[in-house]
Amino acid sequence: MSTPKLLSKQYVAEGGYRCPACGSDNIASGYIEADGATGYADVVCHDCKAEWVDVWELVGYDNLTTKGG
């Protein structure tokens with residue numbers, strides 16, 4: 001395995017929009033599957049064919065509405 005272009009910390013800081021292996025923005029993510037407060041999504045780079053898993057953490061909720069009293 002070659003040295004990644006982006007370390008995990010850099011990948012997160014840049015919003016996860018580029019392949020950590022080659023730096024391409026030609027990536028696609030699958031659905032996020034949650035396990036408690038953590039979610040996981042398979043990601044693939046269409047340029048270099050690298051595959052990895054994005055890890056997501058629940059940080060809160062937004063736009064709560066209720067019906068009735």
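1. The largest pocket in this predicted model has a volume of about 420 Å³, where a pocket is an open set of points on a 1 Å grid over the protein atoms alone, fitting a 1.4 Å probe and having protein on both sides within 12 Å along at least five of seven lines. The volume is the space filled by probe spheres set on the points, which are joined across faces, edges and corners. Of the 16 residues lining the largest pocket, Y11, V12, G16, D54 and V55 are the closest to its centre; a lining residue has an atom within 4 Å of a point.

2. At least two lining residues each come from α1 (8-13), β1 (27-29) and β4, and β4 supplies the largest share, six residues. Helices (H or I, at least four residues) and strands (E, at least two) are DSSP runs numbered from the N terminus.

3. By class, the lining of the largest pocket has 10 nonpolar, four polar and two charged residues, with Ala, Val, Leu, Ile, Met, Phe, Trp, Tyr, Cys and Pro counted as nonpolar, Asp, Glu, Lys and Arg as charged, and the others, Gly among them, as polar.

4. K49, in the loop between β3 (38-45) and β4 (51-57), has a positive phi of about 70° although it is not a glycine. K49 counts as exposed because its relative accessibility is 58%, exposed meaning over 50% relative accessible area (1.4 Å probe, protein chains only).

5. N63, in the segment after β4, has a positive phi near 60° and is likewise a residue other than glycine; N63 is exposed, with a relative accessible area of 65%.

6. Residues are numbered from 1 along each chain as its sequence is written, and side-chain values use heavy atoms, with hydrogens and water left out. As the model is predicted, local features need pLDDT of at least 70 and side-chain atom pairs count only at pLDDT 80 or more, whereas totals for chains, interfaces and linings use all residues.

Definitions and conventions: Buried < 20%, exposed > 50% of the residue type's maximum accessible area, 1.4 Å probe, protein only.
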